[in-house]
Amino acid sequence: MNDQTIEMNIAGMHCGSCAIGIQMLTAGLDGVKASEVSYDTKKAKFTYDADKISLDGIKEQIKTLGYTAE
């Protein structure tokens with residue numbers, strides 16, 4: 001295992017439902033072990049296995065929902 005934890009800004013969220021959608025999507029990705037998304041702070045924190053999914057892979061999935069992870 002090659003666990004990594006990263007915190008990033010999420011641009012484009014307009015409500016709490018946005019955060020829930022991102023959290024549900026990312027929590028279901030193979031290799032993502034923990035996903036916390038906050039509408040209030042516009043931040044997300046992910047713990048993931050870098051051998052199974054890359055940070056860019058997580059960002060690309062977030063982008064499919066119409067948000068930008070920075």
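Which residue's side chain does Ser35 join through a polar contact of 2.6 Å? The partner is Thr26, again through its side chain. This is a predicted model.

**Ser35**
- Ser35 sits in strand E2, which covers residues 32–38.
- Ser35 counts as buried because its relative accessibility is 10%, and buried means under 20%.
- Leaving out residues up to four places away in sequence, Ser35 touches Gln23, Thr26, Ala27, Lys45 and Phe46.

**The sheet**
- Four strands form an open sheet in the order E2-E3-E1-E4. The pairing is antiparallel.
- E2 and strand E4 (68–69) are the edge strands, so each pairs on one side only.
- Helix H1 (residues 16–27) packs on this sheet. H1 touches E1, E2 and strand E3 (43–49). The directions of H1 and E2 make an angle of about 175°.
- Strand E1 (residues 3–11) pairs with E4 over two bridges, in the antiparallel sense.
- Ala11 stands opposite Thr68 of E4.

**The nonpolar core**
- In soluble globular proteins, nonpolar side chains tend to be buried together.
- Here the largest nonpolar core has 17 residues. Ile10, Met13, Ile22, Ile58, Ile62 and Tyr67 touch the most other members.
- At least two residues of this core come from each of E1, H1, E2, E3 and helix H2 (55–64).
- Ile22 is in contact with Ile10, Met13, Val37, Ile62, Leu65 and Tyr67, setting aside neighbours within four places in sequence.

Technical notes. Residues numbered from 1 in each chain as written. Predicted model: local features only at pLDDT ≥ 70, side-chain atom pairs only at ≥ 80, totals over all residues. Heavy atoms only, no water. Buried < 20%, exposed > 50% of the residue type's maximum accessible area, 1.4 Å probe, protein only. Polar contact = N/O pair within 3.5 Å; in protein donor to acceptor, adjacent residues only side chain to side chain. Contact = heavy atoms within 4.5 Å. Axes fitted to C-alpha atoms, helices over the stretch in contact; angles between N-to-C directions. Core = buried A, V, L, I, M, F, W, Y, C linked by side-chain atoms within 4.5 Å.
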